[in-house]
Amino acid sequence: MGISKMLKGVCLCLAMVLFLVMLGGCSSQGNENETNQSSSTANQSGSYNNASESTDTGNSQSSQSTQKEKTKIVFWHNWATGPSGESIKKSVEEFNKSQDDIIVEPLFVATDGGDSITSKLLTAVAAGNPPDVMLASRYGIAEYMDAVTILNDLAERDNINADMFYEWAWEEATYDGQLLGLPYDGTARALFYNKDHFKEAGLDPEKPPLTISELEEYAKKLTIRENGKITRFGFIPWYGEGWLYTWGWAFGGEFYDKETGKVTANHPKVVEALTWMTSFAEQFGIENVTNFTSSAGSAAMNPFISGQLSMMVTGNWMIAQIEQYNPDLNYGISYIPTTDGKSFTTYVGGRALIIPKGVKNLEEAWTFVKWMCTSEEAQSLKKMTGEFSARPDVNAKIYGDDPRQKIFLEVLPNGKHRPVILAGNMMWDELAKAPDLVINKQGTPKEILDQITDKINSEIEKKKRSQ
Amino acid sequence: MFSARTIAGIRPRMVWKRRGIESRRAKYGYIFALPWMTGLLFFYAYPLLSSIYYSFTKYNVISPVEWVGLNNYKELFNDPLFWTGIKNTLYYALFAVPISVVLGISLALLLNMPIRWRSFFRTVFFIPTLVPVVATAIIWQWLLNPQFGLINHLLETIGIGGPPWLGDPKWSKPSLILMAQWGIGNSVIIYLAGLQDISKDYDDAARVDGASGLRKVWHITLPLLTPVIFFNMIMGIINALQVFTLPYALTYGTGNPANSLLFYSMHLYNNAFLYMKMGYASAMAWILFIVIMTITLLLFRSSSRWVYYHGDQ
Amino acid sequence: MNVIRKKYPIILTYIVLIVAGAVFLLPFIWMVSTSLKPDTQLFVSPPVWIPNPIAWENYYRAVTVVPFFTYMKNTLIVASLATAGAVISTPLTGYSLARIKWKGRELLFIITLAVMMIPSQVTMVPLFIIFSKLDLVGTFLPLILPPCFGVPFFIFLMRQFFKQLPRDLEDAARIDGCSEFGIYFKIMLPLVQPAILTVALFQFMNSWNDFIGPLIYLNDEAKYTLQLGLQQFKQAYNTIWNQLMAASVLVALPIILLYFFVQKSFIQGITFGGVKG
């Protein structure tokens, strides 16, 4: 009976029953053992049946809702809780109330690293059972555009066009004239600065830096050293949302040439931006800076919120986080400085709603997408998340009277978006690593950016050839 | 039920009969292995074979597959990140595996001693494997924080200026190897299970011979534990060469600083699911497969010299 | 003299275990501590170890913000069925590979080893297509079925354990008139109890902690598992660390308890194993 004793500890009742049955006894011969064997398989399949029974009840529950004559639309998104989760829930509720023919069922799909839910989408599309609608980061869609329904015809039929949206929103949802999805929202970046630190350092808290050289000068004044150690940084170019994209555009560079369809990450102005970013680190001591940035870690441990960093480039969502973690922080928001102190811009991201290829209820899916992305009702709900609507008129309504959003609303129309290319994710990864590679002496800014440009362009060529 | 003495008495009579029994038993070999062979066919063979096929194609999961011959493999050899991944992964495996074998056996031996609170101690060393990886990554970032981390703080009190750990490409891999030892609980369990199986008779015999503690461990316990050590080494190598979760969570998939934490599987994953190059990723998987297989086979070759199976005598 | 010489190693053992144990417990202590912190103490440095005030409500929120107990129930179903399957199937194969000579056994063993060496990322899509063709996507079966047929890692483990058992035992049993199945169930299985317990624990843990499987195979929030539930505390720009950690503690506790019992039976195994007559 040693076996049953041992299994008590693990509480595997199922296995225990089975083992007892099989304990048969020593003198038993062939035949009986074979029956034992078959009883074991019966028992095994019995346990499978349990599982399928419980799943069956699950199915019948969900199928009850389809018994009403509404068409069910499955909508994948990756926000379960928090303001974004609430806004999704609310939007779906409003939509379901607004008409009688369609019922949208939202399904939370966890991201598999980063912002993407592509592993689930890809497996589902490959097996032929995709969702009807999915929320996706706009810049990456072109890379899997074979999996989405091109929406040009539907948009044209229903008079939905570029004029309703910001230029960046519509363009980032379009590849080579093909509409991959409808733009849903936008995120933008600006310079956040600590007004108390400005006062301490003898700077005017109402006059944030406008040019790159002013930014450098202020950064030096705001940095505090104690016993040779830097205890507070004035500014670190790539900390937060200071990506190479952010600075490349601030320096007047371009990452993509529409005429030739080539990536231009080695544009002289982008090289200049990268050189500036990294030489900035050298001024403060590379070790000091890397110590600081690797100490700072993820967004929630933000050194700007805790007062260890005086200025940082970050997104509009930081407003809500400051409110949560340090509501007393006395801060201001300004333009991302540029070389000439004029022509301010911002790097804009955001999502689109896409309809995967091969969905059964294309019309109904489209009705939902259209409502989410164009109706004032749905777009106004973006206020819950603190992000921007893809439509200028809606933003003016929901954020027009909020002074913190003033700068954002001003630069949004000039916003720049990442190029829509077949290797958008790879380009993002490569560019994000570039400052780190330069700092660690893997090459000069020019060399690194030349390599990246070649790599992305040849990657795009390879992908095009197969199409 | 069967004492060692009666068994010893029966043995000589049995030897001549064995051959006939073996051939009759062969049938049961198949019967016992049948469930697994079925599973192998269903859940492993097809996915494996298709991944070989895909490694010779351009395949993004969605569009039709296009045969490209050896192009993926050729392209791989020209991909600097492929070589970076190999270099980093081999470096990691070379240090992480031996360290974890030595540490694992030592811990298991200690935890097998007749001590008080044994259950408690055994649980303690297992617990880190249950902390979600994101939490593990975060707490290590704190402990190894160059400015206010606990470890550098301790080093400072004895007058050593601590390195930037994860911030410096020279220190990042050693840091990760250190972190990985936290997850050693799983192999400790297997060593413990192995120690349980080593018959108490041997202990008694050794005691009669008057062997001291350490000598007993070295001459009796360790040789008997070799099948388990062998198992853990092979699994350690397979896992080390596929290392993914911790560095991925730690660097958000980037492999920073300066690609020093970009491991082979991370590059593979990015190609498969971010860059939509499933064919390329499959080729990567097969190269990794060949590397692991070669190392494993070499180890198996060597095993007859140092792994001792009781049942084989 | 003698007494001192005998005590010395034991004392050393305690010292080593306590120091090393403290290091190993750190992450868990930090996790528990974080789970009890109010928002404002989450990321202060130097870190706060003992929160003040203690925010018990994190635990309440952790189980109410997401349908925690539904997820727990689902995870239990999946994990226990998968464990039962693995505990039945893997010793069978391990035994066959270790102790019965048959044609093709070496080949099967090599293939078993080989399938562990292919990263799961590339087999994921073909495997999904199979389950999709069987119309099982959206049910628990893709998560339960594979271990019921065998898991390479466990098969290898069982083989190693069966291989080191003395031959004499089964010879003696054969004399006593035991059938092959009798030998396996009555003689051999009890001898590898610790290994079976290890398999049970590992399979339970694997199913319990599996993230990518439930992610790609489940399509209904009512069927989600705990690991998918944990992901829901990650928000668009912010992770609710204290609630995430509270939920993580609740997710880890059952396994810790399970382990506690399993390793206790490691000790019982010697007493009840029956080898020592």
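Two residues are taken to be in contact if their C-beta atoms, placed from the backbone, lie within 7 Å. The structure is a predicted model, in which local features need pLDDT of at least 70 and side-chain atom pairs count only at pLDDT 80 or more, while totals for chains, interfaces and linings use all residues. Residues are numbered from 1 along each chain as its sequence is written, and chains are lettered from A and ligands numbered from 1 in the order in which they are written.

The contact between chains A and B draws 31 residues from chain A and 27 residues from chain B. On the chain B side, the largest share, three residues, is supplied by helix α13 (residues 264-274) of chain B. Helices (H or I, at least four residues) and strands (E, at least two) are DSSP runs, numbered from the N terminus. By class, the side of chain B that touches chain A consists of 13 nonpolar, eleven polar and three charged residues. Here Ala, Val, Leu, Ile, Met, Phe, Trp, Tyr, Cys and Pro count as nonpolar, Asp, Glu, Lys and Arg as charged, and the others, Gly among them, as polar.

Chain B contains 14 helices and two strands. Of its 313 residues, 48% count as buried. A residue is buried if 20 or more other C-beta atoms lie within 10 Å of its own, exposed if 12 or fewer, and partly exposed in between, with C-beta atoms placed from the backbone. Among contacts in chain B between residues at least 6 apart in sequence, those joining residues at least 24 apart make up 70%.

Several backbone features were examined next. Most residues other than glycine have a negative phi, and most peptide bonds are trans. In the loop between α12 (245-251) and α13 of chain B lies B:Pro257, which is joined to B:Asn256 by a cis peptide bond with omega of about -5°. The loop between α12 and α13 of chain B also holds B:Tyr252, a residue other than glycine whose phi is positive, near 55°. B:Tyr252 counts as partly exposed because it has 13 C-beta neighbours inside 10 Å.

A positive phi, about 50°, is also found at B:Trp165, which is not a glycine. B:Trp165 is placed in the loop between α7 (150-157) and α8 (169-180) of chain B. B:Trp165 has 24 C-beta neighbours inside 10 Å and therefore counts as buried.

In chain C, a cis peptide bond joins C:Asn52 and C:Pro53, with omega of about -5°. C:Pro53 belongs to the loop between α1 (2-35) and α2 (57-65) of chain C.
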